[in-house]
Amino acid sequence: MALVIKVRENGPFAVDITSGDFILLDHNDNPIPIPPLKPGKTNVTLCRCGKSSNKPFCDSTHKRIGWKGMNEDAIVDPPTPPQPPSEA
């Protein structure tokens, strides 16, 4: 089964650990230990707001600071650069 990572609205990335094994690595390719999950929980949550005191894991700081994520459903085209006036 494929590993499932869900982007939660205005929240963290939720990695469903029931969908398969995964390894989390730091920038030097060193494994980051996955914390034990609370009973009944099946997701490891990774910070997306950048303010967690437990990075790379979410500590729910996003709720306290009112962080809002991008609208992941929207497809945004880059703005068209202004064109120089044409010479007639």
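Where does Ser60 lie? Ser60 is found in the loop between β3 and α1.

1. Basis of the note. The model is predicted: local features require pLDDT of at least 70 and side-chain atom pairs count only at pLDDT 80 or more, whereas totals for chains, interfaces and linings use all residues. Residues are numbered from 1 along each chain as its sequence is written, and side-chain values use heavy atoms, with hydrogens and water left out.

2. Overall architecture. The protein has one helix and three strands, which run β-β-β-α from the N terminus on. Helices (H or I, at least four residues) and strands (E, at least two) are DSSP runs, numbered from the N terminus. Of the 88 residues, 22% count as buried; buried means under 20% relative accessible area, exposed over 50%, and partly exposed in between (1.4 Å probe, protein chains only).

3. Surface and contacts. The protein exposes about 7,300 Å², of which carbon and sulfur atoms supply 55%. Accessible areas come from the Shrake-Rupley method with a 1.4 Å probe, and for residues only the protein chains shown count as cover. Among contacts with a separation of 6 or more, 42% are accounted for by residues 24 or more positions apart; contact means heavy atoms within 4.5 Å.

4. The peptide bond from Lys55 to Pro56 is cis, with omega near 10 degrees, and Pro56 lies in the loop between β3 (43-46) and α1. In the loop between β3 and α1 there is also Ser60, which has a positive phi of about 70 degrees although it is not a glycine. Ser60 counts as partly exposed because its relative accessibility is 34%. Most residues other than glycine have a negative phi, and most peptide bonds are trans.

5. Asn10. This residue is found in the loop between β1 (4-7) and β2 (13-16). Phi of Asn10 is near 55 degrees, a positive value in a residue other than glycine. At 24% relative accessibility, Asn10 is partly exposed.

6. Helix α1. Thr61 is placed in helix α1 and is buried, with a relative accessible area of 8%. Not counting residues up to four places away in sequence, Thr61 touches Lys51 and Ser52. His62 is likewise in helix α1 and is buried, with a relative accessible area of 8%. Leaving aside neighbours within four places in sequence, His62 is in contact with Asn10, Gly11, Pro12, Cys49 and Trp67. The C-alpha atoms of His62 and Lys51 are 11 residues apart along the chain and separated by 7.2 Å.

7. Positive patch. Lys63 is in helix α1 (residues 61-65) and counts as exposed because its relative accessibility is 64%. On the surface, Lys63 gathers with Lys6, Arg8, Lys38 and Lys41 in a patch of positive charge.

8. Ser19. The loop between β2 and β3 holds Ser19, which counts as buried at 3% relative accessibility. Leaving aside neighbours within four places in sequence, Ser19 is in contact with Met1, Ala2, Leu3 and Val4. Ser19 and Asn43 are 24 residues apart in sequence and 9.9 Å apart in space, C-alpha to C-alpha.

Terms used: Patch = residues over 30% accessible without salt bridge, like charges linked within 9 Å, V, L, I, M, F, W, Y side chains within 5 Å. Salt bridge = Lys/Arg side-chain N within 4 Å of Asp/Glu carboxyl O. Lys, Arg positive; Asp, Glu negative; His and termini not counted. Charge placed at Lys NZ, Arg CZ, Asp CG, Glu CD.
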